[in-house]
Amino acid sequence: MKHNFRLLLASFCIILFSYILAIGYYFWPEEHATVLVAAAEQPVLPQVESKEIEVAEVEEGPLDETVQITAGDTLMSLLARLGISKIEAHDAVQALSSVFNPKDLKAGQEVYVIYEKGDDSNYRLKYLQLQPDIEHNIELNRTETGLFAVEKTQRQLEHVYARVEGQINISLYADALKAGASPKMLQDMIRVLSYDVDFQRDIQRGDKFELVYDSYVDREAGIERSGELVYANVNIGGKPYKVYRFQPQGANPEFFRDNGESMRKAFLKTPIDGARLTSGFGNRKHPIHGFTKMHKGVDFGAPKGTPIMAAADGVVERASRYGGYGNYICLRHDGATKTAYAHLNKYAKGVKPGKRVKQGEIIGYVGTTGNSTGPHLHYELIKHGKHVNPTKHTQMGSLKLTGQKLKSFEVHKRKIDSMISDLPAKGVQLIDG
Ligand SMILES: [Zn+2]
């Protein structure tokens with residue numbers, strides 16, 4: 001009976017071990033490929049690798065595992081879970097922190113580890129690898145002296161231009177995404193065009209778009225990190241919008257029209273994505289009290305939690321409860337102009353009096369606080385202390401490039417235009433050769 005039990009236990013251990021090996025093997029090829037990329041740049045590493053494999057011959061060989069980070073995980077907690085002692089985990093994290101802030105660990109990120117049984121009941125960490133971003137690889141190795149050596153290597157990415165184009169069938173966002181644009185690129189484009197375009201009303205089926213962005217690629221590894229949108233040519237409801245990203249000397253980069261006019265001259269037409277205007281500016285019957293009252297702003301119906309954007313660059317003057325307005329934000333844009341946002345569910349992180357915000361930056365979220373019948377944004381535009389209709393007064397004074405700045409813009413524009421004419425859709429064009 002006792003003998004049988006031992007036999008059973010032994011078989012169980014063998015099965016368990018084979019299972020662990022199988023899992024390890026399953027994850028191995030992919031991770032191994034990553035290690036090899038870095039190894040090509042660091043000729044020392046393959047030796048360490050082969051040593052690891054030799055060690056695998058001994059009694060209880062090293063275990064290897066790809067661990068996915070979940071919310072709340074830290075490198076310490078991850079290592080502790082694998083049975084690595086606190087002291088050793090601390091040393092490993094300490095070594096890693098010279099090239100990587102452990103706080104930057106994100107949920108979903110993968111960490112590959114090799115560890116083995118130590119003399120005591122703890123496991124010893126032999127190797128750890130993670131990619132903080134697509135461009136970098138970090139490897140932690142236990143050296144012969146027992147200390148940890150850490151190495152951060154960088155992938156060589158080519159800087160290219162890429163182009164996507166297509167036709168709108170569902171929405172600009174959905175169709176451009178399908179054509180290969182990145183969400184960030186689309187946000188940039190929507191932000192740039194929302195000065196002039198009402199995405200809810202103006203867009204028609206069949207409207208065309210063409211976007212060019214710069215991108216960083218590793219063709220062999222099939223990796224791409226899209227950079228900035230550099231050009232957009234969008235035809236909306238029969239109107240062409242052609243914009244170029246350009247950095248005038250001594251200023252921040254922004255988008256300009258063909259003629260050198262800045263796109264940032266106006267307030268956002270709708271400081272909220274995909275919302276519909278539910279109540280206009282002027283006299284109306286009050287929805288709660290029933291009497292006719294001047295509506296000092298406009299209302300946009302949108303689900304609770306919809307992000308609200310700053311209508312223009314400015315400074316937060318107030319971000320707090322304000323009577324019937326509920327949770328309320330007031331932004332000051334220049335000496336004479338302010339915008340106000342009411343009935344918010346909550347404020348965006350860091351939105352406090354004195355904070356500078358950029359046009360299009362998320363400042364809060366739609367709610368129904370204060371005197372409100374349902375989730376919506378009540379939006380006001382105040383000029384010289386007087387409420388004006390935000391759908392009519394969208395101009396904040398035009399900014400147009402002149403003189404030398406306009407000349408450099410013309411040069412930049414010609415460069416982009418000639419580059420685009422050689423660029424296939426979804427194709428890439430090398431930058432600087
Ligand atoms: Zn209102």
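Visitor: What is the place of His343 in this structure?

Guide: In this predicted model, His343 lies in strand S18, which covers residues 337–344.

Visitor: What makes the phi of His343 worth a remark?

Guide: Most residues other than glycine have a negative phi. The phi of His343, however, is near 70 degrees, a positive value in a residue other than glycine.

Visitor: Where is His384 found, and what is its phi?

Guide: His384 is found in the loop between strand S22 (376–383) and strand S23 (386–388). Its phi is near 50 degrees, again a positive value in a residue other than glycine.

Visitor: What makes S1 and S5 edge strands?

Guide: The open sheet of five strands has the order S1-S2-S3-S4-S5, with antiparallel pairing. Strand S1 (63–68) and strand S5 (148–154) each pair on one side only, and they are the edge strands. From one strand to the next, the twist averages 15 degrees.

Visitor: How do you know that S2 and S3 pair?

Guide: Pairing requires at least two bridges between two strands. Seven bridges join strand S2 (residues 110–117) to strand S3 (residues 123–133), and the two run antiparallel. Since at least two bridges are required, S2 and S3 with their seven bridges are a pair. Within this pairing, Glu116 stands opposite Arg124 in S3.

Visitor: Which helix lies across S3, S4 and S5?

Guide: Helix H4 (residues 86–96) lies across S3, strand S4 (136–142) and S5, and runs at about 35 degrees to S5.

Visitor: What makes S15 and S21 a pair?

Guide: At least two bridges are needed, and three bridges join S15 to strand S21 (residues 362–365), the two running antiparallel. The bridge partner of Ile308 in S21 is Gly364. These strands belong to an open antiparallel sheet of three strands in the order S15-S21-S19. Its edge strands are S15 (307–309) and S19 (346–347), each pairing on one side only.

Visitor: Against which elements do the buried residues of H6 pack?

Guide: They pack against helix H5 (172–179) and strands S7 (208–218), S8 (223–236), S9 (239–246) and S10 (254–257). Among the buried residues of helix H6 (residues 183–193) are Met185, Leu186 and Met189.

Notes. Residues numbered from 1 in each chain as written. Predicted model: local features only at pLDDT ≥ 70, side-chain atom pairs only at ≥ 80, totals over all residues. Helix = DSSP H or I, 4+ residues; strand = E, 2+ residues; numbered from the N terminus. Axes fitted to C-alpha atoms, helices over the stretch in contact; angles between N-to-C directions. Contact = placed C-beta atoms within 7 Å. Buried ≥ 20, exposed ≤ 12 C-beta atoms within 10 Å, placed from the backbone.
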